[in-house]
Amino acid sequence: MIRILKQIFRTGIVTESLPPVSDPELEKIGPQLEEAIKRRFRRSLAIRQVDAGSCNGCELEIHAINNPIYNCERFGIHFTASPRFADMLLVTGPVSRNMEIALRRTYNATPPPKLVVAVGDCGCNGGIFGESYASLGGIDKVIPVNACIPGCPPTPTALLQGILRAIGG
């Protein structure tokens, strides 16, 4: 243990700072998104993300919009753990038969006016899973959907564009 600590002190900090990331598409969407959120909600947009049976590819991209590069909180987007405080449901994956009741309960627990966004090809139409003994297909087979964000998985920029479309920006 002492040997490892000495090695750490001898080596020092070897990380490099991140290069500034400048995505022109993000710089265009960001202010539009922020303005639309303020206009429609007069505050921040609270999103509850629901995995209805996905492969987790879309979840990785949703987590990416909250990382330091995309930083969705600067535009007024916050994720909440409870559907009771959510303005929008961001639903991923085809609805598995085991998640149907949970998705309906989450939708019913969300206060009106509620927005539902189906994320990814699986959320929009069932994707490669389609309809089967284990899958009901797209999100619209279970709850009403306001907007779809296609892609397998959609990019973080596409997710922000889809959220903007859903809130009417």
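1. Let's start with L5, which is partly exposed, with a relative accessible area of 37%. Here buried means under 20% relative accessible area, exposed means over 50%, and partly exposed is in between (1.4 Å probe, protein chains only). L5 sits in helix α1, residues 2-11. Helices (H or I, at least four residues) and strands (E, at least two) are DSSP runs, numbered from the N terminus. L5 also belongs to a nonpolar surface patch of about 600 Å², made together with M1, I4, I8 and F9. Patches take residues with over 30% relative accessible area and no salt bridge, joining like charges within 9 Å and nonpolar side chains (Val, Leu, Ile, Met, Phe, Trp, Tyr) within 5 Å. A salt bridge is a side-chain nitrogen of Lys or Arg within 4 Å of a carboxyl oxygen of Asp or Glu. The areas come from the Shrake-Rupley method with a 1.4 Å probe, and for residues only the protein chains shown count as cover.

2. A word on what you are looking at: this is a predicted model, where local features need pLDDT of at least 70 and side-chain atom pairs count only at pLDDT 80 or more, while totals for chains, interfaces and linings use all residues. Residues are numbered from 1 along each chain as its sequence is written, and side-chain values use heavy atoms, with hydrogens and water left out.

3. Now the inside. The largest nonpolar core has 28 residues, and L33, L45, I77, M88, L160 and I167 have the most contacts within it. Such a core is a set of buried Ala, Val, Leu, Ile, Met, Phe, Trp, Tyr and Cys residues joined through side-chain atoms within 4.5 Å. At least two residues of this core come from each of α2 (24-41), β1, α3, β3 (88-92), β4, β5 and α6. The most comes from α2, with 6 residues. A second, separate core of 13 residues includes A52, V91, Y107 and V142.

4. Strand β3 deserves a look of its own. Of its 5 residues, 5 are buried. M88, L90 and T92 point one way from the strand, L89 and V91 the other way, and all are buried. β3 pairs with β1 in the parallel sense over 5 bridges, and R48 stands opposite L89. On β4, 5 bridges again join the strand to β3, also running parallel, and L115 is the bridge partner of M88. Two strands count as paired if DSSP finds at least two bridges between them.

5. Which residues does M88 touch, leaving aside its neighbours within four places in sequence? They are L45, A46, I47, R48, L115, V117, I163, A166 and I167. Contact here means heavy atoms within 4.5 Å.

6. Two cis peptide bonds are worth checking on screen. The bond from P112 to P113 is cis, with omega near -5°; P113 lies in the loop between α4 (100-109) and β4 (115-119). The bond from C152 to P153 is cis too, with omega near -15°, and P153 is in the loop between β5 (147-149) and α6 (156-166).

7. Finally, two asparagines. N56 is not a glycine, yet it has a positive phi of about 80°. N56 is in the loop between β1 (45-51) and α3 (57-64) and is partly exposed at 39% relative accessible area. N71 likewise has a positive phi, about 45°. N71 lies in the loop between α3 and β2 (77-79), and is partly exposed at 29%.
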